[in-house]
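Here are my notes for you, jotted down while going through the model. Have it open as you read.

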Amino acid sequence: MKNFDVIVIGAGSTGVPCAMFLAEAKLKTLVIDLMPSVGQGQNKTAIGGIRATHSDGSKIKTCLESITIFRDWRRLEGDDIGWQEGGYTFPAYREGDETLLKNTLAVQKKFGLDIDWIDSAAVRKIVPGINPENLRGATYSPHDGNASPLLAINAFFRKSVKLGAAYRFNEKVVQILIENGSIKGVKTNKDTYQAPFVVNAAGAGAAQIGAMAGVNLPVVCDSHEGGITEPVEKFFAPMVVDMRPGKSSKNIYFYQNDEGQIVFCLTPEPIIIGTDRRSTSLFLPLIAERMIALIPRLANIKVRRVWRGLYPMTPDGFPIVDAAGQPKGFIIAAGFCGQGFMLGPGVGKLVQKLVTGSLSQDDRQTLEGFRLRRQFAGMEVFK
Amino acid sequence: MRITKHPILPVETGEEITFFFNGKLFKARRGEVISSALFANGIAVFGHHSKDKSPQGIFCANGQCSQCSVIADGLPVKSCVTAVNEGMRVESLEKLPSLPELENLPAAGEVNVVKPDVFIVGAGPAGMMAAIELGKLGAKVLLVDDKHRPGGKLVLQTHKFFGSSADCYAGMRGIGIASELEKEIGNIPSVETWLNSVAIGVFSDKKAGVLKGKEYVLVEPKTVLVAAGARERSLVFPGNTLPGVYGAGAFQTLVNRDLVKPSRRLFIIGGGNVGLIAGYHALQAGIEVVGLIEVLPQVGGYKVHADKLQRLGVPIYCSHAVIGVEGNGKAESITIAEVTDNFKPKPGTEKTFAVDTVLVAVGLNPIDELYRQAVSFGMKAFVAGDAEEIAEASAAIFSGKITGLKIAASLGLNCGAINPQWEEKMKVLKAKPGKISNQCVTTHVTPAQAGVQPADNLDSRFRGNDGGEQLHKSAGRKANVRPIFHCFQEIPCDPCVSACPKHSIRLTEDQLTALPRFEGECTGCAKCVATCPGLAITLVDYRKDKDNPLVTIAFEIGNDLLAPGQEVTIVSATGETLGQFPVAAIRDFKINRTLLVSLKIPAALAPQVAGIRLQGNGVRSSFVTCPGQVTNEDLTPLPQMTNEDLTPSQNIVCRCERVTAEKIKEAVKSGVTDFNQLKAITRAGMGACGGRTCEPLILGMYKSEGIPLNKTTLSTLRPFVMEVPLGQFANIKKGLGIGD
């Protein structure tokens, strides 16, 4: 039983939903991961935000698809994945931020997003206790949300297994087998598996897997630290993104999950390139000062745990979801720039259609923005 | 209730303050922690869990778990590590706490970095000894401890220590050793001690985060030594999280540190030294010990500790397991049963006892997370004491001393070679209790058995370890006085040797673990009787009346329980009744806070006499009319209770997230072998204690499901070892926490 229709490399935020949708299409699917269980790469370091409020059509449409899947999961499948429709808000304290946010609204609305500008009083209503000084207002997209990356990936995993997907954990891919320019399978440190399709969903390891297939992927990791608090009674619903730069940092963002815990993250400035995932002493003093300046009462919430995760970055901040063309059968779903969790289910559907050759016109348009052979010249407005 | 008199500990009343609990006014002592103030007022239920409304009380009383959380002045706190203040408004935690709004924007402060040569985490026996050795050599040492006084668990130990008098303070009580070490450290200028300071984590940039009181400080040492001690293991059984079920160490904190009497009648699960000593501490605190169970056929702790309990009338049930703890909202009874060789309960052997408290003493786990993390970050790190390997405090003292010198050598300090004998000695001190002579094994002596055992049926094994027969012969030849050793098990202990002014007590070949022998002259000074940590030496004095010699016994349960002329029940070394005799004389051997009780006993019986029974037709039931004191009836099982009320949902593995054993088993059976995935699916280990209480239980469950540990993946270590308010990391000075 070593012959498969498709092999997915990576059992993470992207690979598992890919496997789920590939198995749903009755494809004999194998997932290989070098870790001992699902989601042990960057999935568990994701804080769980899910938004369609991006600055371009491809990501907006893919995430709208994802949101539908996250939102309906419990109703259709029965598992609680911690989904909350809490929305996203980007409060603006500076004129430049207000302008940038308002300018993006037009694009976002064009793709059907329910997003608008709200004034300072309205912001204070949805984020009680937010620092009102110089608060100009915010964008607010009520249908964005959040879910538990841990629960979601395990739910997708169970579903994919039910649909027939097979998993090999603790296995390291050592070679991509190619014959006459076509994918033939994968060799690991333990075994060899045949398949005409290989999906590179290797997250932080995507560039190495790409190289095995002779495909150069411009994916470089940088690291961000995050943390989680004790649970407290819910007092705000949306993900709050503070875009202002601060001491050694760009933006910070946090929300209160369905357990009542506040999950938070900081984008360091300058960025820290590399794959070191060990916590540093710098993170908490930095983010503590900023979170408390934004919502003073957070001074008293107790921090439970911190960690550091990787953002597999592309030069322009957009992912690569594409069929490589050469070798034939090599599908890339990588470079999610820290948004693999929210993009995962939507990308899973696209990968299913890429493999089965059933892309619609609309899907093709979406994938235009995620092509491997693009200039990487643009820049995502808010990563 | 408070302890108003204690045979060993000084009872200081302290300043009285008032506080509110759920709106009602109560009294507390200034400086004591909220949990102890609540127990002193008879409150054992601190709230109900937000997930399943289960009642919550203390478990560790040591800041390690979070079961004791309450709301204090509007903020959720661990009641066991938060001091109660005058007028404080304490409320039970009945749902998720809400975060009070802050009026003003607090100002953040800088985070200071300090750079000692050696950063020692934990000022217990190991940490203090290491600090002393390093400090004497001039190393710049920073010693931190989360408690308000140094000493670690030494300050809870009212019993005299075993071990070696020459090397580790054997014969002294733990509390006394702590004071000695504290004094010694105080005299070393290069050792800086931060109390009320918690090392919360280490980071990959080789710094450690420390909460120095309310200030957050980063410590960047050349070397870190983790001597953080141990935490108590939990046990899974129905009712295991009911208020009233808690760790034996937690109990010692309540009674011996805070002088609070949290119970009237308790039961102990586990026959290791911690459980046995907790039973002894309970008796000293005036609490009835209804029984102690050990699942193995023999207690694991020192035999002298078990014997002490049995002599005082505490039944020890070996080969017994807990079936469940029952009660409406708090512990009201415990059901135990005999187990088969495979540790399965034997149907029909269940017994139920009415108790208000059940102590869990099923072992300790090292608190070594900071060490493991420091090593993974490439820091130069050492570990000592229980954090390295669970053993007696005497071994921890040695371990600290040796590790201190190893660190000194690694820092290039001129400390000379470490005496190779030290490692050898530490090994001896760490050794498990050795063989028991004369097959005198402590097994399952019920009060019924103990009570009906006729004295004349006792065989020679109850007559001292070097033979009663010989003694009789010598007593017949001429009037004599000599000690009798009711010491049958090889353990590292020698205080009796140095206690004898005539040097007549020796250990075979001077081996620390050998049994003591008497050779030579005895003046009858009884210093050996007063010194023996196991209370296993008596003095038999034939000089005045060779047919009715005077037997002197050590007694340290209560100074006012006995009076001359009072008739008491005399028992053998292991607690068998020998008869009723009047107390002839009582001498207060003040140095050791030990009473020496003398009784005239017929010569045939005298060498067998080893103690005075307290419970169950003993001193308290016969002579003390204090309400609530134990009677023979209290030690007798109730008619057997059914377990119908015990639903599996009470079988809790993860206390923080209320995850049941059934849910974990289901996940394990479905093939989950990665602990991280198990956490993700079940939330076990995701709570406030960071999985430190449930992870060892879950590893045990893997084992019992037949999954070898090398097939499992352990959970990822992450900062922190405890939850910390966000504002502390920004060094916010005002508006943070309680008491501002």
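1. Ground rules. This is a predicted model, where local features need pLDDT of at least 70, side-chain atom pairs count only at pLDDT 80 or more, and totals for chains, interfaces and linings use all residues. Residues are numbered from 1 along each chain as its sequence is written, chains are lettered from A and ligands numbered from 1 in the order in which they are written, and side-chain values use heavy atoms, with hydrogens and water left out.

2. Chain B overall. Chain B has 19 helices and 38 strands; these are DSSP runs numbered from the N terminus, H or I of at least four residues for helices and E of at least two for strands. Of its 740 residues, 61% are buried (under 20% relative accessible area, 1.4 Å probe, protein chains only). Among contacts (heavy atoms within 4.5 Å) with a separation of 6 or more in chain B, 68% join residues 24 or more positions apart.

3. The largest cavity. The structure holds eight cavities of 30 Å³ or more, and the largest has about 480 Å³ of space. A cavity here is a set of points on a 1 Å grid over the protein atoms alone where a 1.4 Å probe fits but cannot get out, and lining residues have an atom within 4 Å of a point. A volume is the space filled by probe spheres set on the points, with grid points joined across faces, edges and corners.

4. Who lines it? There are 33 lining residues in the largest cavity, and the closest to its centre are A:Lys44, A:Ser148, A:Leu150, A:Arg305 and B:Met686. H5(A) gives the largest share of this lining, five residues. H5 (149-162), S16 (261-268) and S18 (302-313) of chain A and H17 (675-682) of chain B each supply at least two.

5. The second largest cavity. This one has a volume of about 160 Å³. Of the 20 residues lining it, B:Cys487, B:Cys493, B:Cys496, B:Pro516 and B:Cys532 are the closest to its centre.

6. Back to H17(B). Seven of the eight residues in H17(B) are buried, including B:Phe675 and B:Leu678. Their cover includes H5 of chain A, along with S37 (659-660), H16 (661-669) and H18 (695-704) of chain B.

7. The ends of H17(B). B:Asp674 caps the N-terminal end, with a side-chain oxygen 2.9 Å from the backbone nitrogen of B:Asn676. After the helix comes B:Arg683, with a positive phi near 70 degrees.

Notes:
Buried means under 20% relative accessible area, exposed over 50%, partly exposed in between (1.4 Å probe, protein chains only). On a 1 Å grid over the protein atoms alone, a cavity is a set of points where a 1.4 Å probe fits but cannot get out, and a pocket is an open set with protein on both sides within 12 Å along at least five of seven lines; lining residues have an atom within 4 Å of a point. A polar contact is a pair of N or O atoms within 3.5 Å; within protein, one must be able to donate a hydrogen and the other to accept it, and residues adjacent in sequence count only if both atoms are side-chain atoms.
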